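Please work through the exercises below with the structure open beside you, and try each task before you read its solution.

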Amino acid sequence: EARLLRPAGSRGGRRSVRTLRRRLDEIRRTHDAVQARCGELPQPPAACEWLLDNWYIALREYMCAAAALRSAPRLRASGGEPLILALARALLRAGLGSATEERCRLFLDGFQAVTVLRRSELELFPAAVRAAAIEGLAETCRKMRGGEDEQALTASFEALFTTLRLFSVLDAEKLINSADVTGAVLSADPGGDYARMDSGTKRQYLRRVEKRARREGAEEHVFARRLIKRARAEGRHVGFYLFAAPGRAGEACYIGANVLLTLFFSLLLAFACDSAAAALLLLLPVSELVKNLLDFILLHTLPSRRLPRMSTEEGVPPEGRTICVISALLTDPDGAERLAARLEELRQTCRESAVSFGLLADLPSAAEALAEGDGAVLYAARAAVERLNREYGGGFYLFTRPRAFDGESWTGRERKRGAITELARLLCGMDSELETTGERAALSGTRYILTLDSDTRVYPGAIQELIGAMLHPLCKPRVDENRGVVTAGHAVIHPRMGTELYS
């Protein structure tokens with residue numbers, strides 16, 4: 001029966017919501033009548049008991065279905081109603097109101113052998129099944145009022161309420177992905193990168209395919225096959241054809257707006273003060289104010305763009321080997337213990353064997369290269385790191401370096417930037433002034449440095465997500481060897497930071 005459905009025209013979901021609301025009102029009226037007639041009975045008829053005990057399920061699933069249909073884009077229609085809703089009705093009719101996950105999968109596969117569903121239709125499938133089940137309940141309620149056979153009514157209520165209960169707990173994304181023809185086509189991406197992405201990134205790709213296919217007047221799976229064919233011919237990741245590299249126009253507009261607004265307000269204030277010198281003196285403070293204002297406006301008006309990332313659910317791969325370091329000053333032995341405790345906290349949030357943790361520590365500024373108390377502080381820090389290595393079987397480090405004279409005092413050269421540079425040199429096998437506590441050979445193959453401040457908190461899974469973003473083909477940095485600059489991708493990622501209420 002489902003294969004007889006043919007797309008013809010389009011239709012939004014709001015009209016279906018109005019129809020669904022009328023069906024829910026029918027169920028409600030029947031429920032109220034049954035409640036008044038049988039609610040006080042110690043053993044009401046089985047069909048009445050099903051309706052009385054499970055009315056709340058119909059109401060709850062109606063709200064889920066109505067919200068999804070109301071926000072749905074225009075959908076392909078069949079017989080004057082959304083195609084996916086007609087498909088869901090056919091599924092329930094074929095199973096006498098019952099629908100298991102396996103039946104849904106087989107039903108969708110069979111239908112798509114004739115007509116391939118779009119991603120937006122597949123994502124609406126769970127809501128369509130809920131709507132079809134509620135319509136089935138309304139029809140059963142009409143039969144109940146007409147005095148139909150009690151046994152048939154009981155079987156119908158049981159099947160339909162069981163279907164609604166299943167779809168309230170079903171992993172809908174898993175079902176949708178298993179039936180998604182466009183996703184299966186993209187999985188043939190050269191190198192297999194698409195299949196290893198996280199679910200959010202896959203959705204980004206499918207959304208982009210949907211948008212581009214609509215613009216070109218092609219079906220999504222056909223457009224996806226064209227992309228895969230081109231990617232195979234050129235040996236590139238399919239994402240490079242879906243997501244254009246950002247241009248320089250945005251940067252130029254941002255810089256131009258900063259400069260022009262700074263000049264405008266500086267000159268305006270200078271004229272108000274009748275002083276040319278005021279314009280020069282006001283350039284820096286006005287520039288800072290203008291930049292902060294522009295940043296505030298852009299952050300609150302432009303939508304954030306999620307970086308694509310690879311999935312790390314099954315662990316961080318060897319090519320994502322990372323060391324997470326806390327950049328801090330070692331001021332006293334107690335402070336060294338507290339920093340080591342922070343390393344242990346980080347270890348609890350990320351139990352990946354491919355991720356190591358370390359203190360990238362400098363001694364505070366002093367009047368000479370070696371100050372009183374340095375030995376006690378360094379001894380406490382080394383002892384704390386060695387204790388962590390014994391407890392956890394390795395993976396913890398302490399990186400320190402001698403002070404250098406900066407013209408005024410003895411301090412760590414270039415402070416945090418200098419320490420990170422030295423760590424990068426160490427990891428690249430170059431000469432470095434860092435002294436290492438921990439198994440240095442285990443750092444071999446480390447590709448990324450994640451730098452945190454001593455008061456930065458990390459949520460569980462956040463480190464793995466950052467690594468997954470760096471590993472994605474669109475994010476990997478591409479370097480112009482002649483100029484020594486990154487021309488595409490990202491060499492550095494700065495995640496969005498939140499502020500705790502206490503801070």
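This is a predicted model: local features need pLDDT of at least 70, side-chain atom pairs count only at pLDDT 80 or more; totals for chains, interfaces and linings use all residues.

**Exercise 1.** Find the place of arginine 165 and decide whether arginine 165 is buried, partly exposed or exposed.

Solution. Begin with the chain, where arginine 165 belongs to helix H6, which covers residues 150-169. Next take the relative accessible area, which is 34% for arginine 165. Since buried means under 20% and exposed means over 50%, with partly exposed in between, arginine 165 is partly exposed. Finally, look at its surroundings: leaving aside neighbours within four places in sequence, arginine 165 is in contact with Asn54 and Ile57.

**Exercise 2.** Is histidine 31 buried or exposed, and which residues does it touch?

Solution. First locate histidine 31 in helix H1. Its relative accessible area is 10%, so histidine 31 is buried. Then, not counting residues up to four places away in sequence, histidine 31 touches Leu51, Leu52 and Trp55.

**Exercise 3.** Describe the patch of positive charge on the surface, and say which helix gives the most to it.

Solution. Start with the members, which are Arg14, Arg15, Arg18, Arg22, Arg70 and Arg74. Helix H1, residues 14-38, gives the most, with four residues. Now turn to arginine 74, which sits in the loop between helix H2 (46-70) and strand S2 (75-78). Because its relative accessible area is 57%, arginine 74 is exposed.

Definitions and conventions:
Residues are numbered from 1 along each chain as its sequence is written. Side-chain values use heavy atoms; hydrogens and water are left out. Patches are made of residues with over 30% relative accessible area and no salt bridge: like charges are joined within 9 Å, nonpolar side chains (Val, Leu, Ile, Met, Phe, Trp, Tyr) within 5 Å. Accessible areas come from the Shrake-Rupley method with a 1.4 Å probe; for residues, only the protein chains shown count as cover. A salt bridge is a side-chain nitrogen of Lys or Arg within 4 Å of a carboxyl oxygen of Asp or Glu. Lys and Arg count as positive and Asp and Glu as negative; His and the chain ends are not counted. The place of a charge is taken as NZ of Lys, CZ of Arg, CG of Asp or CD of Glu. Helices (H or I, at least four residues) and strands (E, at least two) are DSSP runs, numbered from the N terminus. Buried means under 20% relative accessible area, exposed over 50%, partly exposed in between (1.4 Å probe, protein chains only). Contact means heavy atoms within 4.5 Å.
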